[in-house]
Amino acid sequence: YDILCPKTLILALENNNIKTVATQERFFHAFYTSYANVIVDTYYTNSIYVSNVIKKSKYYDIKNLIPVGQYRSDLLPFYKKQTVPREISEAKKSGKKILIALGFDSPENWFESYTDPIVSWSAQIDFLEDIIKLSQNLENTFIALRYKSLNWIKNEYFKKTIDKIYRNKNIILCNNYEESFYSYKLCAHADLIIAKVTSLADECLVNEIPVLFHEYTHNMKIILSFIPDYLSLELCAFDFEELYQKSKSILFSNSSKSNKLREEVKKLNNKIYSVSEKKNIKKKILNDLENQLIENKL
């Protein structure tokens, strides 16, 4: 894993002339500074643009940058051709728009919650209440909430809000963690994604699935300072009213505002996510690795 692999291990490997290789796991990490950094010989990056960002950064030590694309993004067109997941299939059959909301998990302990304003219990409640309000205001729309895990909902602090979700026929809290890549299966069939910043959102945008970033909490007007260097502000919402109006526009309108949002997604693909070819990314990586092994007679 690119940023998590211990730097001491990487340096020991390099000192023994052992080549190190990594794929870029999260697109947005390239815009961090000292929080996320990589030391490897060869780095398969998510785009040409992000390779240039890394080249200019003092927080990376990489000999060979190869832009290939976001390798998990190939999963979305694959699952688009498969059966619609059970949790959203009935709503889709009845003609409802499908909105997938991707949230952050919350910490288990109150003292962890107090020290992180982005994933605190209060921020979680704020996000959930926004999604509930959307489900009440967006007509003919079914919302599926998806998290990496649901361990945090056992906390009594969330009971009142979670009960609201269970009583609401237009929203579901997805609990299928048995199927691999289930989040990708959901997003592949979505009309709109609402997300905190996550690699899955970038992978959806590469496939031109509309995404709105929920870029605020109950006490923060903007979460990530590097957002303007990476995303169009048109694809971000900084309060509930903006979230609602943009969601409604994308789902139900052919207005100039809706078209502008979709145009911004295309611009991202032409500039920020651009690579020579966006398909068969894993195959490209494996072929290049094989060529490196042959060239080095390893």
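Me: How do α6 and α10 lie to each other?
Reply: Heads up, this is a predicted model: local features need pLDDT of at least 70, side-chain atom pairs count only at pLDDT 80 or more, and totals for chains, interfaces and linings use all residues. Residues are numbered from 1 along each chain as its sequence is written, and side-chain values use heavy atoms, without hydrogens and water. α6 and helix α10 (residues 240–252) pack at an angle of about 40°. Under 35 degrees counts as roughly parallel, over 145 as roughly antiparallel, 65 to 115 as roughly perpendicular and the rest as oblique, so α6 and α10 are oblique.

Me: How far apart are the axes of α6 and α10?
Reply: Helices here are DSSP runs (H or I, at least four residues), numbered from the N terminus. Axes are lines fitted to C-alpha atoms over the stretch in contact, with angles from 0 to 180 degrees between N-to-C directions. For α6 and α10, the axes are 11 Å apart.

Me: Which residues of α10 does α6 meet?
Reply: Contact means heavy atoms within 4.5 Å. From α6 come Asp130, Lys133, Leu134 and Asn137, and in α10 they meet Phe240, Leu243, Tyr244 and Ser247.

Me: How are α6 and α7 placed relative to each other?
Reply: The axes of α6 (residues 121–137) and α7 (residues 159–167) come within 10 Å and cross at roughly 20°. That makes α6 and α7 roughly parallel.

Me: How many charged residues are in the contact of α6 with α7?
Reply: α6 brings Ile125, Leu128, Glu129 and Ile132, while α7 brings Thr161, Ile162, Lys164 and Ile165. Asp, Glu, Lys and Arg count as charged, Ala, Val, Leu, Ile, Met, Phe, Trp, Tyr, Cys and Pro as nonpolar, and the others, Gly among them, as polar. By class that gives five nonpolar, one polar and, for charged residues, two.

Me: What is the volume of the largest pocket?
Reply: A pocket is an open set of points on a 1 Å grid over the protein atoms alone, where a 1.4 Å probe fits, with protein on both sides within 12 Å along at least five of seven lines; a cavity is a set the probe cannot get out of, and lining residues have an atom within 4 Å of a point. Grid points are joined across faces, edges and corners, and a volume is the space filled by probe spheres set on them. The largest pocket is lined by 35 residues, and its volume is about 1,100 Å³.

Me: What is the volume of the largest cavity?
Reply: The structure has four cavities of 30 Å³ or more. The largest cavity is lined by residues including Phe104 and Lys196, and its volume is about 60 Å³.

Note on methods. Helix = DSSP H or I, 4+ residues; strand = E, 2+ residues; numbered from the N terminus.
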